Structure formats: C-alpha cells, structure tokens
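Biologist: Please take a close look at a single residue of this structure and describe its surroundings. Then place that view beside the helix packing, the chain contacts and the overall build.

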Amino acid sequence: MDLFVQTVINGLILGSGYALVAVGLTIIFGTLHIVNFAHGAFFALGAYAVLTLQNFGVPYLLAIPLAAIVVAVIGYALELSIVRRALYDRGEHGSIIITFAISQAIVSAIILVIGPDPIPVKSPFGQTAMSVFSYFISAQRLFIAGTALVVLVGFGLWLRNSTKGQQILAVSQNAKGALYSGINVPLIRSLSFILGVAAAGLAGSLLAPLISAFPTMGDANVTIAFTVVILGGLGSIGGALLGALVIGLSNAFFETYVSVSWTPALGWILVILVLLLWPQGLLGKAQLNRH
Amino acid sequence: MRFWTKTTATILASALTMSASAFAADPVRIGMVLPLTGPTAGYGKDGKMGAELAVEEINKAGGILGGRQIELVFDDEKGTPQEGVAAVQKLMTQGKVKAIVAGMNSSITLAQAAITKNKILHIVPGAQADAITEQGSQWLFQINNNSTTNSTIFHNYLVNSIKPKTIAYMGENTEFNKAVLQNLQKILEGSGTKLVEIANYDGTTTDFTSIITRLKAANPEMIYVVDAYPARTAQIWKQIRQQGGFPKEAHATGTVQTSAIIPAEGAMEGVITGDIFIAEGATGAMANFIKAFEAKHKVEPNKVSLVSYEAIKVVAAAMDKAKTDNNYDLLAKTIRGNAWPSPRGNLTFSEIGRSKSPYFYIHVVKGNNVALRETFEVK
Amino acid sequence: MTSAGKLLDVQGLTVGYGRVVALRDISLCVGQGEVVAILGANGAGKTTLLNAISGVLPTQSGVVRYLGRPITGMKSWHTSRIGLSHVPEGREVFPGMTVEVNLKIVDVNGGGPKVTVDDVLTLFPRLKERFHQLAGGLSGGEQQMLAIGRGLMACPKLVLFDEPSLGLSPMLSKAVLSVIGGLKERGISALLVEQNMRAALRIADRGYVLRVGRITAEGSAKELAESPDIQRAYLGF
C-alpha cells in the first residue's frame, strides 16, 4: 500500500513537469503548425537564464519568472528573424529542418559561451525531502508540481476568458477564419510562439535544480513531451494535460511494478494504442466544420 | 657495368637521403577524436588538455624522428557512434594523420575500431570495454584498464571489505554496463552478499524517482549505480539523496569525476568508487605530471586527462623508437615489445593490446573531489 | 459619382497567383448606402476579387480606395479596423468554439454603426437558440448566419459577402439575403458576390458581371436582370 501511494505521488509530480513542456509544444503546433524541434533548446535556455541571473545575485524564486521572460525575448527575436520568414504556411516538413537547425545553433551557442559541463543550479529547497506519513516528496518537486499547476490553470483560464487568449484558440482552429474576423494573425502567431517557448523556458528553470544545467538537457524531456502531445491530441491543451498525467502515472507504475528497461517504450506503446482507437489523440478534436 | 650500378645506387641513395632530410621538418600529424560537444563533452575538454600538455612536452624536447614536431588534429565525435566514425574517417582521408587517438565511450570506440582496423595505428585512451581489444585489431592499443580488470578489483573490494548483505543495482542499459553487471553477479556467487534488485534504465530517462522507489522497496543494504555520464550521475545521486539514500552506496569505477561530483552538490558525499588515478598523495612522475598540468591549464588533471596524455606519449615514443611513422606492423611490434614510462609507472601492453595499470585506487567522494580510501596493486 | 462620394473605389486592379493572372484591370465602385452585386460563373474570379479588396490576398497592380484613401495591399486585420468586413465563402467559423465566443472574439471597431451581440441575435433569432453550442455542430445555414453576425460585430461601414446563399435551402437563402438587403437601412453598405443571380439582383442596387477575370458588363440591377449578356456570363462563354 505504501509503495502504491508513493508511486501515485511520483507519477503525479512527474506528470506535472511533463505538462509544462508539452503545453508549449502543443500551442506552437496548434497555431503555427510548426513541430518545434528547438523546444528542448529553449528549455535549456531557461535553465541557463536562471543560472546567469543567480550569478548576478538574483534569488532563485525571482529568477524563475525573469528566466521565462528572457527566453520569451530570445524566442521573439528568433520568431521575427527566422521562424516568421521561413516557416509560416510552409507546412510541417520545412519546420522540422529549420527548428532543428535553431536547436543546434542554440546548443552550440551555449557550449561556446558557457561550456559543455553540467553546472549545478541552486534552489532554496536544496536536497530537502519531506517525509509525510513515511512518503518521500522532494521539496523541489513539490514546488515544480505546484508552480506547474498554478501556471497551467492560470494559462487555461486566460485562454478561455480573454479575447487575446480566445484569438489564439481561434487561429489554431481556423487560421483562415481568423483572417476574416479582424484578428491580427501574425501577431497571434508571434504571441503563441513566445508563450510556447516561454513555457519551455519556465519548465527548464524549474527542473534545473534537479537535473543541473547542460546544453542538451532539454532533449530527453522534449522526447517525452512529444509522446504526451501526440497522446493527448496535437494542438489540444487539455489533451496535453491529460496526456502528461497518463504518461507520468503509467511510467511511475510501470517502473516500480513491472520493468525499468521497458519504460521508455511504454509511452510510445500507449501512443500507438490510443491512435489506433482515437486517431486524433485523446482530446484532439476531429474537424466538425460542416460545409 | 658494376661501376654504373654503384653510381646509380649512390645517386638514388643520396636522393633518398635528401628527400628524407627535406621531410624532417614536416610535422607528424596525429588525429585525436574526442566528445567536444554532447553529454560527455566534459571528457573531451579534459582529454584535450592532457593531449596538449603531452605534445607541448614532446615538441619542447626536440620532437621525434630526428627533430619533427608533433601536430594534433582534433575532431568532434559529439557523443554518438555515427559522428565518431565520421570524425575518424575524416581524419584518415583528409587529415593526413599518421595515427588515431580516439575512444572515451566504449560503444563509440567499438564503431571506430572497425574503421581503423588494419588501416592505421589506433590508440584508445579512455574506453574500458573488454570487447575493444577482442576484435583482432593488430594495430589497436588500450591505455585505460579494461572493464573486467577494474570491476573485478572493485567488486571484490565491495564484497570482502564493505560486506553488504544485499545490493540493488541500477545502470544504463548498455552492453558495457551489462558486462559490469555480469562481473558483479559472478563475484557475488557463493559470497554472503545477495543481489536483490536490478534496474536497467534507458539512456533517455530523466527522472529516476520511480526507479529509486522500486529499489528502496527491496530494502537493500547497498545501492550500486553504474553510469558513465557526468550530468546523469549527478542527477541520479541527487534523487537518491532526496528519497533518503541507502545505508551503503557505490558507483561504478572509472566514471566518477569532478564533472559529476560538483553538480551533485554534495549528494555524492561518501559514495565509494575506484579508478586507476588519484591526484591525492601523488609522488614521483605522477606528481610531476600533475604539477606540469596545473601550470599549463590552471586546473587539476583527472583520469581522462591522464590517459589522453599517456596515449600521445606512447604514440610519439613508439614512432621515435621504431624510426617510422607509417610502418604500422613495426610500430605495433615496438609497442608490444617495450615498457613505456608514464606518470603511473611503466606501461606494458599484452598481445591483444591491453595495458594494465600498476595500481588501482578505491576512492570515496569527499567534498568536490574523491579521497583515497585504499590502494591495490594490479596483478 | 465623384471619388469622394464613393465608399469603395477600385481602379485597374490586377491579381495573379504566381504567373497566372486571375483578375485583369478591374474597376468598380460602391457608394454610401449601396448594395452592389458581382455576378459571374464559377471560376470567374469573384472570390479572388473580394480577397484582394479586403487584404487577404496581395495585388499586382491597380488601386483600391476606401473613403478616398488608398488601401491597396493593406492587410485584412487593418482593413477590418477601418470598417471593411469580409464574410467569406465557406463561412470559416471557429468550429470548436461556441456561437457566443465566435461573435465576441471580434475585438475590432470599424467605426460604422454600432452592432452588439444582441443586435446579431435579433437579426438571426436562430443563433439565440444555439448561443452556447459549438459552431462546428451548427447547420450550414446557421453557420452562415454566424459568419454574417461575426462580420457585423466589427461595426463595419461596408461588408463584402462571398456566396452567402451557397448550399442553403431556398427558404434559408431568402432569409439570409433579405437580412443583407436590409443592412443599408442601418447605414451599412454591401458588396455581394452571388451565383444566385436572380436573388442577388432582387436586393442589389447595381451590379457588375465578371467573366474570366474581367468585367464585361455593369448597370443597374434592373438593366442587368434583363440583359442577355448575363445569361452568357453564367453559361461561361
């Protein structure tokens, strides 16, 4: 029973971290139809931004939102200079090559400027683990899960209730329709890209104390985020959340009770099963638009 | 007739000597492939510094083969077998190198060895897998101890000196780590120690909480982690610490460097490991090497710097002694037939190209580095 | 009519896709309070013409003036801000959003007569019943009403309608067209592209006939309704 509860806790906390990375990925795909292979690089940028800010004496908790802003600014610069010119309306194939190139460029820049070695990122939670009724919860993980929850719920409410948020959803549902509704589509796309990469940067800044900052730190997390996003339905935000929890919990249970070696395959097996049953993913909507 | 023959021979000989002396000024190019980027880029940095020190010393002392300088040509294996093979091929075809020094990661080295086999002299500085020297490559030599040698000493030490009743094993799912696991299982046979849990995780794993939960559920007295990636090593030990740790803790030999210990932020304190090198308490040639290294690079050398340094030194000394930079049969024979002075003492190579370190050290992580716990002579 | 009195004045507009010229040297105008119809067969370039005026498509040459000011090449999100709405062919509503959100998502004020959500619901009572349903689940006619309502939410002075009766039942298409015809009483002008010639000319003041990218005839609705040229245009000669 103890092991079961501990596994549920592990899975939920794991899933909340995946959700942050996956939401950024799914928003960018939804509105821009870009498969953002540079997502992991923005994740790393978030971690390095925290690191740099800490070197200037900014405390960790303040450095997190600032890091997300720094990543947003870098993302906006890349969006204006490369993504917007090269990618809009060019389909998903071109986007893979170009975002992959951006990813390589960012990783190389980090290596050149800061170096390849992993650097520890300090957090006020340190290594402390809380022992609640004999269950271990790392304070940093709890903080990550809490922040992810607050950010995701806030973001979801903003998307549903603000006009700009609704316009992001509108562009992802029907970009052509948005053009006929007075919506500034390029502006909404920039905004989505910035929000998407800022979410990746935020995730990087939150997870950095657990995994240290190193140039390719985003790769593994983004691979999982891809399974999460495909499972939940590309472009669906609710789907990304559900997918993250499903993958987080199933990974935790599988690793604890079945086999450690097979866990990475599990995500993709789930993806294949779900896609066989629901080709749009768990919450991806089939187009209902009747003509 | 005889006169003409003699004259021709003389002219030919003098022409050859002339061209030989014309070449004497040309440097000997040695290609070195390292992970300069990617997850093990720290090894690349350390290895490059070691090799550069060796070249500086050799060239300052007048070079080799009658005054020829050594020139290092670096290429990046980026931590993947594909890039590792491509880098070796590039150096062999376009780099005009006379020898290849390559191999930190065992799977990458195995791929590279297939390319260099019967083509060029290949010195492997860091990689430890037994298979590297078991492929019948006559011109390949391994500077580091092979995995079985190190593991056998270390596992025996764990069983006989630390004496845990139960061990839980976790390691990345690679051929190299499986060999370490098999060695452990063999040594545990008939001992009082039982292996109660085995977790082979994939290289893409970022979160070890569930694995550690699983291992803790088996309630072992000792955890034994086998992982060669510094960032991941730090991460695993942090997560172990967050879940309360284990009574006894050990990490695979030859893989614990400051590049893992520092990012672990104290989480590796007290972890037992081992290696062929330790800076602490060094004397003689080793102390001189450490001093020279620190003077040039302003940091303390580690095992990776040492084996890279030695690899270059062995290539250079062998070329000088055999008086050739491209007769690889002769070079290989020379390397096998002689003892090569190194900071660790004299290095000798077996028929299949394996070297054996004179000493093996048991370490324990202390602060930002490892401290010496015990020294073993390698038999 | 002087240029100043015209709401929309198009002179010598040429539009192409790559090397293919879709529209050649089009000139037309819409006066204040007018409903103007553009008639033509499939592929005559009607949709391209509207897209070029509203800024969804780029133009090659020619000038589009709106209230005397050149707006050629102005993007669609800017033209809607100065009172030019476009109700596109195929409705292009947001299928995963409710009727309410589809209307409220428009945050543009074009400076024309004020239109509120209540006004739209009064105009189309069917939308009131469907107010909280997803647009993707509406019938074709209801989606068309929604698309018109969305176009009006930007408080336009001029609305471009692209085939508003396409795919609707005769009864529904009559209802939709009568709403469009009634807009001028509110002070909103309309440029209407229609295949249903008779229905279009019933609500229009004037009209143009478009044939393979060129204007071949123009005149009052009455003149055009009687012209044999029109019949030919529809048969596509």
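**Close view of one residue**

Modeller: B:K296 lies in helix α10 (residues 284-297) of chain B; helices (H or I, at least four residues) and strands (E, at least two) are DSSP runs, numbered from the N terminus. This is a predicted model, in which local features need pLDDT of at least 70 and side-chain atom pairs count only at pLDDT 80 or more, while totals for chains, interfaces and linings use all residues. Residues are numbered from 1 along each chain as its sequence is written, and chains are lettered from A and ligands numbered from 1 in the order in which they are written.

With 14 other C-beta atoms within 10 Å, B:K296 is partly exposed; C-beta atoms are placed from the backbone, and 20 or more such neighbours within 10 Å make a residue buried, 12 or fewer exposed, and a count in between partly exposed. Leaving aside residues up to four places away in sequence, B:K296 touches B:L53 and B:E56, a contact being a pair of C-beta atoms, placed from the backbone, within 7 Å. B:L53 is 243 residues away from B:K296 in sequence, yet their C-alpha atoms are 7.3 Å apart.

In chain A, the axes of helix α2 (residues 39-55) and helix α8 (residues 185-211) come within 7 Å and cross at roughly 50°. These axes are lines fitted to C-alpha atoms over the stretch in contact, with angles from 0 to 180 degrees between N-to-C directions. α2(A) and α8(A) are therefore oblique to each other, the class left once angles under 35 degrees (roughly parallel), over 145 (roughly antiparallel) and 65 to 115 (roughly perpendicular) are set aside. Residues making this contact include A:F42, A:F43 and A:G46 of α2(A) and A:G201, A:L202 and A:S205 of α8(A).

Chain A also meets chain C: 22 residues of chain A are in contact with 26 residues of chain C. On the chain C side, α2 (76-79) and α6 (140-153) each supply at least two residues.

Chain C itself has 10 helices and 10 strands, and 49% of its 237 residues are buried. Its C-alpha trace spans about 45 × 35 × 35 Å along the principal axes. A compact globule of 237 residues would have a radius of gyration near 18 Å, so the 17 Å of chain C agrees; the radius is taken over C-alpha atoms, and the globule rule is 2.2 Å times the number of residues to the power 0.38. Among contacts in chain C with a separation of 6 or more, 68% join residues 24 or more positions apart.

Conventions:
Contact = placed C-beta atoms within 7 Å.
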